[in-house]
Amino acid sequence: MPLISVRIPQMGEGLQEALLVEFLKHPGDSVQRDEPIYVMETDKATTDVESPYDGILAEWTAAPGTVLPIGSEVGKMEVAEGVREMPAGHGPPETESTETKTAEAELQNRENGSAASSPGSRQRTAVVIPPRTKKYLKEKGLLDFADQIPVAGKKMMPEDVDRYMAAGSGTGSSPTNDQETSFQPQSNDNFSDSEIPRSQITLNYRLQRGVSTCVPVTVMRTVCWDAIANARSQAKAEHGEKAASAFSMMLSCVVGAIQQHPKLRTTIVGDGRFLRTFHDVNLGIAVGLPGDELVTAVVPRANQLEGMEFHRSVKAQIDLARQGTDQADASVPVTVSNIGSAGMRWGIPAVVSPGIATIAVGEVYDLPVPEGDSFRFRKSADLTLSFDHRVLNGVGAADFMNELAGRIESFSL
């Protein structure tokens with residue numbers, strides 16, 4: 001049986017790269033066409049990707065946690081004789097479009113040095129190029145080749161450009177796996193190269209997405225920590241080492257505040273035209289790993305958990321993250337980072353896509369408070385909220401932070 005490449009499809013307009021998250025099938029598995037075989041993450045969603053062929057999975061040629069250009073090979077399959085490789089994201093091979101065939105024929109003519117189209121080929125008619133397509137052509141380095149790109153309708157769309165590149169155009173095409181991995185690490189007396197950990201590659205991809213789409217704004221609020229401290233002391237007296245941590249108690253306050261503020265349960269979908277509000281609170285928690293690596297633990301449906309059930313779930317998910325399992329997905333709008341555990345009083349956290357907000361909890365300290373002619377001290381902490389202004393405005397952010405502060409300052413077991 002012949003081997004054929006499985007490539008990352010173009011599943012949305014203008015997508016240029018994707019994060020390979022995990023494989024759903026193993027080499028040697030029999031696979032049916034349209035059966036999910038791996039998971040990829042883009043700036044639009046996390047998606048189960050379906051097989052474009054019937055066959056047997058021969059091998060995976062890329063590693064999970066790798067950011068790859070659209071169209072890159074991720075694996076190979078054994079298929080029946082006569083099955084042709086499908087261009088990334090453009091329909092099944094047995095119903096290959098006329099436009100793709102035309103593009104291949106035109107490319108073959110240019111390779112053979114032919115200046116004119118072959119007899120009987122379709123003649124080019126006037127085509128409208130909308131501004132967004134013209135921008136996409138410019139990004140791909142194909143603006144000067146626009147008259148050579150076959151189109152499916154009266155207007156040229158980004159999908160037509162993708163189809164043209166998938167058909168084999170050398171100009172402006174996405175780099176191959178070989179090009180992506182051509183760099184060879186070096187070491188000498190002046191420097192040494194090392195591979196970025198997979199967890200950091202995943203985080204970098206999400207951070208870059210956030211930078212390119214998010215409009216970040218930050219607010220900060222100081223809260224009285226006395227109620228949390230008192231509750232922690234009471235819990236230790238009753239339960240000893242099994243008592244919930246002060247941070248876990250504070251997280252329960254975050255969940256309650258998010259439940260009261262739907263914007264903090266919301267992400268942007270549909271090319272920025274729609275808001276998706278989740279009914280439950282899937283709470284993200286930033287977890288540091290040795291070597292300055294960072295992953296995200298997630299407490300699913302945290303709003304449905306109460307008391308020790310919530311605290312046990314927090315501990316279990318953090319323990320899982322410490323084993324290297326990143327749990328973040330598009331259903332986690334808010335992540336909490338305990339920078340106080342590293343001795344930091346406050347900081348401005350990054351908003352990590354696809355989330356829309358990050359809360360940094362600073363170190364607990366004694367704050368002097370005027371009392372008559374002297375001072376008293378109260379335990380306090382600074383909370384910093386970075387949020388995406390496309391979803392949440394300043395007043396909404398302030399209302400949420402005030403709600404959170406009220407819950408922390410009135411906390412009790």
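A salt bridge is taken here as a side-chain nitrogen of Lys or Arg within 4 Å of a carboxyl oxygen of Asp or Glu. The model is predicted, with local features needing pLDDT of at least 70 and side-chain atom pairs counted only at pLDDT 80 or more, whereas totals for chains, interfaces and linings use all residues. Residues are numbered from 1 along each chain as its sequence is written, and side-chain values use heavy atoms, leaving out hydrogens and water.

Across the whole structure, 10 salt bridges are found. One of them pairs Glu-85 with Arg-7, whose closest N and O atoms lie 2.5 Å apart. This pair links distant parts of the chain, 78 residues apart: Glu-85 sits in the loop between strand S8 (73–78) and helix H1 (98–111), and Arg-7 in strand S1 (residues 3–7). Helices (H or I, at least four residues) and strands (E, at least two) are DSSP runs, numbered from the N terminus.

Turning to Asp-54, this residue lies in the loop between strand S5 (46–50) and strand S6 (55–60).
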